Amino acid sequence: MNKVLLIDDEILSIEYLKSLSAWEKFGCKITGYALTVTKALELFKREKPEIVFVDIRMPKMDGLELSRKLLDIFSDTNIVIMTAYQEFEYVKEAIQIGISYFLVKHEINEDKLAEVLKKIGENISSKAHYEKVMWNDWLRTIWEDEKTENKGLTTNKWISPSATYIFVMLNLRSYAVFLGKEEKVYLKEDDFHDISSAKIVIKAFTRLEKYTYGIILEYKRPSALSLFHKDMLDFSGELERRSRISVKKQAVCYFSDFLSRDSDFLDVCRRLKKVSPCFLWERKTFLMAADCRELKELIPDDLYGKKCGLTERGKDITGWLDRGKNQNWYIGAENIKIYRSLAEELNAGDFLEKIDNEMPVASIEQFLKVCQLFLEKEEGKNLAADITGDDKAEKAVRYIMCHYAEDLSSTIIAEKLHISDGYLRYLFKRRYSCTIKEYILNYRIDMAKKLLDDNNCKIYEAAKQCGFISSQHFCRVFHQLTGISPGEYKSNKNRNQITAMNGKRTEGTAK
């Protein structure tokens, strides 16, 4: 039974709430009520209720201030604010302090009460499910305490010295996460267990931080390393798909090397914990251990301009994007605030949230490109602004630049621009002398080349990140447009690099 405390200075309101029958149906029991703030604090400390109903209007202290005090005492308390019609200005402030449940006081009935109790019950059950799994506690312990000693780790009987394990750190990313909003987002462990297969078995799945999850896989090691990469790519793709469905956020997965000893888990957690609250510069959803080791922090102090005005700020954004390219960068958590302030300065919040609903903002580069797009749309005017045909075609190109990694077609773009597919194809062909499909494929191949310029980027990874349905399709299109295969492109590039290095050595010897 979940204990409930009612706080209201009107005894008739309390008696009415007590008379409703939905409490028992949803496993709740009213264990006390208070007419004053003093009595409410006394009962709260003694009873430690899971659920508190608070009237917004209380003598001496309003309901929001009282709620802050209650959450300071027990932060996991589920608080329901009861408010009147004219008091909805309090809702925004209530959300900021972590309150998610509201009832219009004079509309409370069995159905309204049942609806909010059901939501609270699901939230409590989700938390309880994480807390009761023994090995999840073990995983959280080594994640949270960097001084954890190896002693005691072997008590987990499911760790077999003859098996191979992989630690996966899953980060949820979106514009709301980028802003640091206090969102209660939970992936459910039960939703992921059926991903297990003959090769991969999920041994632990737990929430480590607000937007960070830890997963331990028992893995049947394949004979070829390329098969391992494919297995992990497929696994991360399924994690990404389910995260988008469950919580509408982008999943970014970091995979460790093969682990076999207890101490390996501790070492991996220590390394990845430094990256978990940070944002990658480029939009990536899949990083292997080698990628993680090559990540470098980009300190943005020298990037942050002191100029004013949208035109100047647009130049700043272009400069930042140019500085951030061609490197495996990430932005430390303490420096993300610099980019957050940009969204406030541009007053681009509504526009960014709209884009985020279509494709979660998962990287600094993507955030800056959306801000750039916002500026190019004459301070955020609607995509459908009816100006000229050329303008429509240019908007289509900008949309392709931001969404080339997704399922994309002229039909989808036309829908976003609020014009007919046929008319858009006519305008685009007139403006760029090619079809939208041709433009998309050429742009994807250009982006793929940039990825392949990185020697550590595999062909199948470039295919996935550039929106191709398979590696085979990617290779076929790459060859059609460039005359060589992706593998030959990488080989030629490596050969050119070696030639250039030898040339420099020869030049140095001659001198």
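1. A nonpolar core is a set of buried Ala, Val, Leu, Ile, Met, Phe, Trp, Tyr and Cys residues joined through side-chain atoms within 4.5 Å. In this predicted model, the largest such core holds 60 residues, of which Met232, Tyr339, Phe367 and Leu368 touch the most other members. Helix H15 (residues 364-376) gives this core its largest share, 8 residues, and apart from it lies another core, of 31 residues, which includes Leu417, Phe428, Ile440 and Phe474.

2. Helix H9 (residues 225-247) has 23 residues and should span 33 Å at 1.5 Å a residue, which agrees with its end C-alpha atoms being 33 Å apart. Just after H9, Lys248 takes a positive phi of about 55 degrees.

3. The buried residues of H9 include Phe228, Met232, Leu233, Phe235, Leu239 and Val247, and also Asp231, Glu240 and Arg242. Among the elements that cover the buried residues of H9 are strands S6 (164-173), S7 (200-209), S8 (212-219) and S9 (250-255), together with helix H20 (459-465).

4. Helix H17 (residues 410-417) packs against helix H18 (residues 421-432) at an angle of about 100 degrees, and their axes are 9 Å apart. Because angles of 65 to 115 degrees count as roughly perpendicular, H17 is described as roughly perpendicular to H18. On the H17 side the contact is made by Ser410, Thr411, Ile413, Ala414 and Leu417, and on the H18 side by Asp421, Leu424 and Arg425; by class, the contact has 4 nonpolar, 2 polar and 2 charged residues.

Technical notes
Residues are numbered from 1 along each chain as its sequence is written. This is a predicted model: local features need pLDDT of at least 70, side-chain atom pairs count only at pLDDT 80 or more; totals for chains, interfaces and linings use all residues. Side-chain values use heavy atoms; hydrogens and water are left out. Axes are lines fitted to C-alpha atoms, for helices over the stretch in contact, and angles run from 0 to 180 degrees between N-to-C directions. Helices (H or I, at least four residues) and strands (E, at least two) are DSSP runs, numbered from the N terminus. Angles under 35 degrees count as roughly parallel, over 145 as roughly antiparallel, 65 to 115 as roughly perpendicular and the rest as oblique. Contact means heavy atoms within 4.5 Å. Ala, Val, Leu, Ile, Met, Phe, Trp, Tyr, Cys and Pro count as nonpolar, Asp, Glu, Lys and Arg as charged, and the others, Gly among them, as polar. Buried means under 20% relative accessible area, exposed over 50%, partly exposed in between (1.4 Å probe, protein chains only). The expected span of a helix is 1.5 Å times one less than its number of residues.
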